[in-house]
Amino acid sequence: MNMLLDQATLKSPTALADEPLRGVRPNIVQSIRAFRVPDLQAAAQGLGHHFLYANLANAQSKQDVLDLISQQFMLTVQVGKNFDSLYDSMTDPVHKSGPQPGFIAVLEHIPANAKFDKEAREQLLDIFRDTADYWGDRKIPFRCFYSFL
């Protein structure tokens, strides 16, 4: 019996999981663009990475954004009222809790309004860039994808 195998059949499960991330550096913060959230979630699951998702569509202020990220990422350390505490909650306590396989984070619908202006959005993304650098220094992938509302 002669069976033809397609390329997907020949690839390992890890290679298939990594497919949507091909060409994406292991430690980066970038626009979600052509990526779909379910594909990123499936990639995280296939790679054994943590999948962190926050839908920020209902956020109006910096405090709303921090609260929603803390709740939806299920962070164990209280984020508080500033971006530095968000960084702290995603780095040291997680690192000290044991070996980490990697992370794929999605910040969907970051608000763009008077209470959460361009400067606030850049500060938020800078925290995630710093977090990606932190994990990169430890040779652990941390990819963050975002979109604006």
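Me: What relative accessible area does Glu122 have?

Reply: This is a predicted model: local features need pLDDT of at least 70, side-chain atom pairs count only at pLDDT 80 or more, and totals for chains, interfaces and linings use all residues. Residues are numbered from 1 along each chain as its sequence is written, and side-chain values use heavy atoms, with hydrogens and water left out. Buried means under 20% relative accessible area, exposed over 50%, partly exposed in between (1.4 Å probe, protein chains only). Glu122 counts as partly exposed, because its relative accessible area is 34%.

Me: Which residue forms a salt bridge with Glu122?

Reply: A salt bridge here is a side-chain nitrogen of Lys or Arg within 4 Å of a carboxyl oxygen of Asp or Glu. Side chains of opposite charge can pair when their charged atoms come close. For Glu122, the N to O distance is 3.5 Å, and the partner is Arg129.

Me: Which residues are linked in a network of salt bridges?

Reply: Asp126 also bridges to Arg129, with the closest N and O atoms 2.8 Å apart. Asp126 and Arg129 both lie in helix 7, 3 residues apart, about one turn of the helix. Asp126 is partly exposed at 36% relative accessible area, and Arg129 is partly exposed at 29%. The network links Glu122, Asp126 and Arg129.

Me: How many salt bridges does a search of the whole structure find?

Reply: Arg36 and Asp39 also meet in a salt bridge, 3.1 Å from N to O. Asp39 is partly exposed, with 33% relative accessibility. For the whole structure, the search finds 3.

Me: Which element gives the most to the negative patch?

Reply: The patch gathers Asp84, Asp88, Asp92, Asp130, Asp133 and Asp137 on the surface. Patch members have over 30% relative accessible area and no salt bridge; like charges are joined within 9 Å, nonpolar side chains (Val, Leu, Ile, Met, Phe, Trp, Tyr) within 5 Å. Helix 5 (83–90) and helix 7 (118–137) each give two or more residues. The most, 3 residues, come from helix 7.

Me: What relative accessible area does Asp92 have?

Reply: Asp92 belongs to the negative patch. Asp92 lies in helix 6, residues 92–96. Asp92 counts as partly exposed because its relative accessible area is 36%.

Me: How many helices and strands are there in the protein?

Reply: Helices (H or I, at least four residues) and strands (E, at least two) are DSSP runs, numbered from the N terminus. Along the sequence, the pattern reads α-α-β-α-β-α-α-α-β-α-β. The protein has 7 helices and 4 strands.

Me: Which residues of helix 4 are buried?

Reply: Helix 4 spans residues 62–72. Cover for its buried residues includes strand 2 (50–55), helix 5, strand 3 (103–110) and helix 7. The buried residues are Val65, Leu66, Leu68, Ile69 and Ser70.

Me: Which residues does Ser70 contact, leaving aside neighbours within four places in sequence?

Reply: Ser70 counts as buried because its relative accessibility is 10%. Contact means heavy atoms within 4.5 Å. With those neighbours left aside, Ser70 contacts Leu75, Gln78 and Val79.

Me: How far apart in space are Phe51 and Arg143, C-alpha to C-alpha?

Reply: Phe51 sits in strand 2 and is partly exposed at 23% relative accessibility. Beyond residues up to four places away in sequence, Phe51 touches Val37, Leu40, Gln41, Ala44, Ile104 and Val106. Phe51 and Arg143 are 92 residues apart in sequence, while their C-alpha distance is 9.9 Å.

Me: What is the phi of Arg33?

Reply: Most residues other than glycine have a negative phi. Arg33 is found in the loop between strand 1 (27–31) and helix 3 (37–47). Arg33 is exposed, with 70% relative accessibility. Its phi is positive, near 35 degrees.

Me: What is the phi of Lys139?

Reply: Lys139 is found in the loop between helix 7 and strand 4 (142–148). Lys139 is exposed, with a relative accessible area of 73%. Its phi is positive, near 60 degrees.

Me: What share of the accessible surface belongs to carbon and sulfur atoms?

Reply: Accessible areas come from the Shrake-Rupley method with a 1.4 Å probe; for residues, only the protein chains shown count as cover. The protein's accessible surface comes to about 8500 Å². The share of carbon and sulfur atoms is 52%.

Technical notes
Lys, Arg positive; Asp, Glu negative; His and termini not counted. Charge placed at Lys NZ, Arg CZ, Asp CG, Glu CD.
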